[in-house]
Amino acid sequence: MVWNRIARTLRAGPLTEPAGAADEATAHALAERLHAASQARLGRSLAIRQVDAGSCNGCELEIHMLNSVVYDLERFGLHFVASPRHADVLLVTGPVTKSMHDALLRTHGATPDPKWVVAVGDCAIDGGVFKGSYAITGGTDSAVPVDLTIRGCPPSPAALLDGLRSLVEANGR
Amino acid sequence: MTAAEIIRAAPTTPCHPWPRHVLPGQSWQAMADALAADPLALLALWADAGHVHALFRDGADILPASTAIVGGAYPALSPHRPAAAWFERAIRDLWGHQAAGGTDSRPWLDHGKWGQTAPLSTRPAAASGAAEPPEFLPVEGEDIHQIPVGPVHAGIIEPGHFRFHAQGETVVRLEVRLGYLHKGTLALMRGKSPRAAARFAARLSGDSTVAHSIAFARAAEAATATDPPPRAHALRGVMAEIERIANHLGDCGAIVNDAAFPMLQARFTWHREAVLRATARAFGNRLMMDAVIPGGVAADITAEGPPAILAALAAIEAEHGELARLAEDTSSLVDRLVSTGTLSAALAARFAAGGVVGRAAGQPGDLRVAPGYPPYRTLDVRPALLTEGDVDARFRVRMAEITESIRLLRALLASLPDGPVSITLPMASAEGIGWAEGFRGDIWHWLRLDGGLIAAAFPRDPSWLHWPLLESAVRGNIVADFPLVNKSFNGSYSGVDL
Ligand code: SF4
């Protein structure tokens, strides 16, 4: 049965959707930023470590979809890694809860330089609906410096892909 | 007297649809003692400034019960209902009430970082001193080693700490420590109109945004004696079944992937994406965040919605049998799933486990059937039921529920009533309970309105009762099987961290 399926899949061709060009404006802005910071380039492949700093798990659901056959993140040189020590990019979701603040700082500290921090979702940008709570410190930038934000509640996989591909583009210039 | 009789003998205060029994301290203590020999199911335990509240299920009847806090304390339920322990710890951390005689007095949600204690009490105090390192239960025996994991995990997953005590490869004890995602949601809901507070209910656990929004809306509607229009009920049903299918597809994929069978996962996630795209076309949002509001739904389904949803369902149905057979016929997969992470029916019953976790271990509960709610009353929902209680059973219950939800969705879409999709809630000072069967299981919301604004609220995600059962189910398994067992439970972290 497995072999039948494999044969059929091979005949049918990939399910992955073709991708257009990366978002030029964002890539340009990020490249400028890299240049201004004279940050070492990372090349055209980036390792991503996702950190949930207080999310409702909605953002994670959509980030998960990037690994599906439809989006196939790895074809762009992007892949998720299990440890911050192997990462170039921290993908942070949620408002930063006071109970996750230290863990986020330590994860950031464990990520080797040069590194990018991407704040994913409205909560990560400024705390979102949880703004003003006694239990949060704010958006991702209340704990660590942020390089790129991706809006949405949650952002769609297409929006996530756009943001991440501009990072790869900026790095390749 | 049985615990239920003791509760029923107490005077009631209005709460819709079930009056709340207010027990004098002695009766509460007598009820707590009677729970030792009584099968009465504890669904939730929470508090407000002056009372502690419990929600019980007695057969088909739901019994809310309360007692006043005296001298900052109330008699604990945990000695006879282990499921009460997490609630009692949360009540202490949020409202400052002590569970007298409780089995566990360690902090739960409060990690010492809020700068205050008992944030929901009438007078939160400034926190004194630095946070203590968490204490874990001791394990005795030879060659026991500890494995600390988290709060930041290796995958794309919510944060929490798992403390394993292992003997060689075998898990002797797992202790789950959560609370990292505490966002102060209950405090944010207070003082808001149900319409404004619905945004927080929708974000308790993003994967259950529809189900939590429905349960919350129904609590507000019960309190204000409002019945949304029939079309709103039907559309809520459509959204809830889509959410169930999408999550079950994701979970089935995650389970087989953790057993190293990514080919099957690829198909599950492909279908999940198709469902989410159809949903975006039908409701303008892939996860349907904020689509359900108190009084109905935020917007009507688009004209292209139903055909898009039906097309996605047809594609799932066409492949469902083959995917199920592929899972059953692949011995390397069966080997990993069968008899792994077994939960006994007795323990599932003792914890009143609902949802997939309960239904895979012989517990037939499903809120769509009993107590029931629209639009399911006329649909004759047939929940799946298995007794094995292992990872395989939880996988198969999800597979069966996908089929059943496809049937329900077709029936709902074929007969959408005409008319408006929402009505405005009147201002009221009253209490209500709402419920909905999410993809994880039974969701309960309680709230009290004062002059149309939320004075107090409590949402109970099914995970409150599932997490402690995960601790039990993983015992005796090898450490390497933990991710698999964990995925098969798929507890919500955010949903219980509040
Ligand atoms: S942005 Fe939205 S989906 Fe993401 S964590 Fe916040 S509330 Fe959840």
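Predicted model: local features only at pLDDT ≥ 70, side-chain atom pairs only at ≥ 80, totals over all residues.
Residues are numbered from 1 along each chain as its sequence is written, chains are lettered from A and ligands numbered from 1 in the order in which they are written, and side-chain values use heavy atoms, with hydrogens and water left out.

**Chains A and B**

Contact, meaning heavy atoms within 4.5 Å, joins 50 residues of chain A to 55 residues of chain B. On the chain A side, A:M1, A:R5 and A:Y134 lose the most area to chain B, together 18% of what that side buries. Four salt bridges (a side-chain nitrogen of Lys or Arg within 4 Å of a carboxyl oxygen of Asp or Glu) cross this interface.

**Domains of chain B**

An automatic or database domain assignment divides chain B into domain 1 (3-121) and domain 2 (189-460). Their contact takes 25 residues from domain 1 of chain B and 18 residues from domain 2 of chain B, and two salt bridges are found across it. The residues on the domain 1 side divide into 19 nonpolar, three polar and three charged; here Ala, Val, Leu, Ile, Met, Phe, Trp, Tyr, Cys and Pro count as nonpolar, Asp, Glu, Lys and Arg as charged, and the others, Gly among them, as polar.

The table sets out the two interfaces, with buried area taken as the accessible area (1.4 Å probe) that two parts lose on being put together, summed over both.

| Interface | Buried area | Carbon and sulfur share | A salt bridge, closest N and O atoms |
|---|---|---|---|
| Domain 1 and domain 2 of chain B | about 1900 Å² | 66% | B:R20 with B:E431, 2.7 Å |

**The ligand site**

Residues from chains A and B surround the ligand, so the site is shared between chains.

Key: Near = heavy atom within 4 Å.
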